[in-house]
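Hello,

Here is the structure I promised to pass on to you. Please have a look at it first, and then read on for my notes.

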Amino acid sequence: MKVLPVNILLEKNKLTTKSAWLILLEITLPDTTQIFITNNTESITFQLQEYEAVPFELEASKETVKGDIPSVSLRINNISRGMQGYIENNSGGVGSTVVLRVVNSDLLTEDFTELEMT
């Protein structure tokens, strides 16, 4: 069972708020290069690490009755070609490790460990 800190729990339960819930990705490529991105409209700093604003989409695989291992597809908008070299040098990112964090824009000093997945 996950237990959220009180401040995060209170923010989560609000009906309206001016803050945003953001997804942060820490991507470690096979060559050990690390990329930090957020789906926010501007870059943010979380735990002394800057996460660059880059549009991306996450899509969970459909469940089947065959017992397939679930997977998640990550699509990163590469219109600026900033990711091109990383992708070309790392077989499209196959074998990378991704840490997904969900954080609140007004509570960036809180502990979001319970809202983290690798």
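**Around Glu110**

Leaving aside residues up to four places away in sequence, Glu110 touches Pro5, Asn7, Ile8 and Phe46. Please keep in mind as you read that this is a predicted model. Glu110 itself sits in the loop that runs between β7 and β8. Is Glu110 buried or exposed? Its relative accessibility is 19%, and buried means under 20%, so Glu110 counts as buried.

**Aromatic pairs**

How many aromatic pairs turn up when the whole structure is searched? The search finds two. In one of them, the ring centres of Phe36 and Tyr51 are 5.4 Å apart and the planes meet at 85°, so this pair is edge-to-face. Phe36 belongs to strand β2 (residues 34-38) and Tyr51 to strand β4 (residues 49-53), so the pair ties together parts that are 15 residues apart in sequence. Both Phe36 and Tyr51 are buried.

Now for the strands. Six of them form an open sheet with mixed pairing, and their order is β3-β4-β2-β1-β7-β8. Which strands stand at the edges? They are β3 and β8; each has a single partner strand, so one side of each is left without a neighbour in the sheet. At the β8 end, β7 and β8 pair in the antiparallel sense over two bridges. Leu100 has Met117, in β8, as its bridge partner.

**On the surface**

Finally, there is a nonpolar patch on the surface, made up of Leu58, Val72 and Leu74. Together these residues have about 230 Å² of accessible area. Leu58 is found in strand β5 (residues 56-60). With a relative accessibility of 35%, Leu58 counts as partly exposed, because that class runs between the 20% limit for buried and the 50% limit for exposed.

Enjoy exploring it!

Best wishes

Technical notes: Residues numbered from 1 in each chain as written. Predicted model: local features only at pLDDT ≥ 70, side-chain atom pairs only at ≥ 80, totals over all residues. Heavy atoms only, no water. Phe/Tyr/Trp six-rings, centres within 6.5 Å; stacked < 30°, edge-to-face > 60°. Helix = DSSP H or I, 4+ residues; strand = E, 2+ residues; numbered from the N terminus. Buried < 20%, exposed > 50% of the residue type's maximum accessible area, 1.4 Å probe, protein only. Patch = residues over 30% accessible without salt bridge, like charges linked within 9 Å, V, L, I, M, F, W, Y side chains within 5 Å. Areas by Shrake-Rupley, 256 points an atom, 1.4 Å probe, with all protein chains shown as cover. Salt bridge = Lys/Arg side-chain N within 4 Å of Asp/Glu carboxyl O. Pairing = 2+ DSSP bridges. Contact = heavy atoms within 4.5 Å.
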